[in-house]
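Grab a pencil and keep the 3D view open. Try each exercise yourself before you read its solution.

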Amino acid sequence: MAPVHFPFRIKRLGAGALCGALVLAACGGGSKHSATDPTVTTPKVLAVKTSILRIGSVDVESAGPQEQIPTAVGKAVLTSAQAYIDNAMFSPLQNGTIGVHYPYLFDSGVKPAATGADEGALTDLGVGKVEKLSTTATPVALSALVGNLGDFMYVATNFDVVVKGNVDAGPLTITHHVELTFAPQGKAWLVTAYRVQTVRKLPTTTQNTTANAGAKP
Amino acid sequence: MNDRTHNERRPGTRVGRRTKRILLACAGATTAVVLACAGIFAGWLAGMHVPLASGATYLRVEKLAPLSSADRVGGGPSGLFFILLVGNDSRPGVGGARGDALHVLGVNPAKHQASMIDIPRDTCWNGDKINAGNTQGPRAQANDVSGLVGVPISYVVDVDFAGFTGLVDGIGGVDVNVPTQMHDTYSGAYFSPGMQHMNGSQALSFSRDRHDFPTSDIVRTHNQGILILDAMTQLRAKMQNAPGEFKLLALLGRHAQLDGIGIKDLYRLSRIAFSLNPNQIPNVTMPYTGGGCLGLGAGASSLFADFRDDGILESPH
């Protein structure tokens with residue numbers, strides 16, 4: 001077989017193309033994590049370790065006199081909502097375990113479900129440890145119900161929390177739509193009702209798997 | 001030395017050709033590997049399952065439910081309960097507050113079902129019309145209806161004319177599916193059949209109209225049931241979050257008289273009640289007989305028995 005002769009220019013082009021392909025391949029392999037790396041998007045509202053929810057809209061519905069939510073009540077409820085995020089979301093994603101304060105956030109009426117049947121929706125325990133966490137949260141909409149005598153019966157918090165990070169399979173995005181309704185018990189405000197919807201998005205390669213898992217009863 | 005170097009660099013020599021072939025082979029192999037990897041990577045991105053690439057994460061990912069939700073309230077009744085909804089005729093110039101609209105709602109949280117029985121106001125009870133009970137208060141009315149139907153009524157929501165219109169206006173009116181033409185100067189009900197949006201005053205007229213019907217209060221009672229369930233359907237959409245729930249509860253606190261329950265517990269109760277689909281709640285008017293003071297008609301006893309056991313009307317009535 002006759003030897004193939006490559007002019008110098010073609011050799012240079014070939015070498016360049018090869019290098020380019022290798023670089024592209026290298027970038028492609030790495031892009032599994034880096035192309036959609038959640039750390040690229042700057043956290044808007046709160047950071048993971050120093051996350052502070054802030055109050056957005058406030059709505060007070062009263063069966064009696066019109067009232068404003070006392071600052072102490074708003075602060076207590078917001079602190080409890082933040083404690084929920086820390087214990088139910090961040091702790092599992094960072095340490096692999098639910099925060100120790102989690103059960104104490106709920107009153108006796110919902111605690112069995114919150115620590116049992118609903119735990120999968122309320123917490124991110126099933127996800128495992130996640131790297132490069134970044135978090136955003138919407139302002140907390142506060143709504144309150146005031147009784148005939150001006151007493152605050154319930155204060156509800158509505159907010160969304162989006163957590164991004166990396167798992168072995170690639171970038172993970174978890175969106176929590178959270179409504180926690182608090183009722184006073186002594187000096188504490190405990191969760192007495194909740195509506196939570198959690199959406200977990202994984203890389204496209206694993207979407208089918210997660211969809212099947214979700215279809216299971 | 002110079003010659004040898006020169007020879008090695010000449011493309012035509014045997015050593016140079018061999019080097020070139022090796023380089024070409026390496027380049028070709030590398031390109032093939034890169035292209036294959038790129039293809040697999042592209043396929044992986046497009047959703048193709050790549051055994052080696054995805055195998056390690058397959059099990060890890062499987063335990064993640066893509067969508068999960070929880071909706072719960074604590075402290076509410078977990079067992080069967082009955083609520084009496086009363087519309088009384090108290091208004092300026094008319095006292096007494098007779099219970100002209102009487103509807104018993106049975107809710108079975110465990111089975112996630114409910115049913116409603118409409119009691120005609122002219123039904124005889126203890127030698128009088130049953131609506132007279134409300135003149136002694138909501139609890140007395142509940143006791144009478146409880147005795148008639150044979151179910152324990154734990155909670156009563158009682159509204160007068162002003163309370164009813166205030167409630168309906170407070171929720172922005174109601175869309176009611178009017179079953180028949182209405183043209184009644186007494187109540188002021190002028191409606192065509194079909195879905196009609198009503199404000200508080202119009203909804204009151206619709207609920208009071210009995211002169212348009214040969215059976216008078218019987219049809220009126222059933223129409224009241226239609227309005228209640230239509231209103232529940234619309235309220236249910238607004239009751240999917242705390243602000244909507246709090247708004248309705250505050251309205252009830254201002255416009256309704258509650259018995260057996262306060263607003264605080266009504267929140268827990270309403271979350272259970274509004275988790276049910278009103279379109280699946282049967283609305284059955286009690287069978288009656290006679291005129292004037294009505295007696296229990298054929299089938300009334302079996303209707304009550306069906307209602308009594310689990311709050312669900314299973315048989316056709």
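**Getting started: the sheet**

In chain B, six strands make an open sheet with mixed pairing, in the order β12-β7-β2-β3-β4-β13. Its edge strands are β12 (257-259) and β13 (283-285) of chain B, each pairing on one side only. From one strand to the next, the twist averages 20°. This is a predicted model, where local features need pLDDT of at least 70 and side-chain atom pairs count only at pLDDT 80 or more, while totals for chains, interfaces and linings use all residues. Residues are numbered from 1 along each chain as its sequence is written, with chains lettered from A and ligands numbered from 1 in the order in which they are written.

A few ground rules: helices (H or I, at least four residues) and strands (E, at least two) are DSSP runs, numbered from the N terminus. Two strands pair if DSSP finds at least two bridges between them.

**Exercise 1.** Find how β2(B) pairs with β7 of chain B, and what stands opposite B:Leu84.

*Solution.* Step one: β2(B) and β7 (residues 155-159) of chain B run in the parallel sense, paired over five bridges. Step three: list the contacts (C-beta atoms, placed from the backbone, within 7 Å). Leaving aside neighbours within four places in sequence, B:Leu84 touches B:Leu102, B:Val104, B:Gln141, B:Ala142, B:Val145, B:Ile153 and B:Val156.

**Exercise 2.** Work out which residues touch the most other members of the largest nonpolar core.

*Solution.* Start with the term: a nonpolar core is a set of buried Ala, Val, Leu, Ile, Met, Phe, Trp, Tyr and Cys residues joined through C-beta atoms within 7 Å. Buried means 20 or more other C-beta atoms within 10 Å of a residue's own, exposed means 12 or fewer, and partly exposed is in between, with C-beta atoms placed from the backbone. The largest core has 118 residues, and A:Tyr154, B:Leu84, B:Val104 and B:Val145 touch the most other members. For chain B overall, buried residues make up 37% of its 317 residues.

**Exercise 3.** Decide whether B:Ala97 and B:Ser216 are buried or partly exposed.

*Solution.* First place them: B:Ala97 is in the loop between β2 (81-88) and β3 (99-108) of chain B, and B:Ser216 is in the loop between α6 (200-208) and α7 (217-238) of chain B. Now count. B:Ala97 has 22 other C-beta atoms within 10 Å, so B:Ala97 is buried. B:Ser216 has 15, so B:Ser216 is partly exposed. Then check the backbone: phi is near 55° for B:Ala97 and near 50° for B:Ser216. Most residues other than glycine have a negative phi.

**Exercise 4.** Find which elements of chain B have the lowest and the highest mean pLDDT.

*Solution.* Remember that pLDDT is the predictor's confidence in each residue, from 0 to 100. Chain B averages 87, and 87% of the residues score at least 70. Helix α3 (residues 51-62) of chain B has the lowest mean (43), and helix α4 (residues 138-149) of chain B has the highest (97). Over residues 54-63 of chain B the pLDDT is below 50, and this stretch has 19 contacts in the model beyond near neighbours in sequence. Where pLDDT is low, the predicted coordinates should not be read in detail.

How values were computed: Two residues are in contact if their C-beta atoms, placed from the backbone, lie within 7 Å. Axes are lines fitted to C-alpha atoms, for helices over the stretch in contact, and angles run from 0 to 180 degrees between N-to-C directions.
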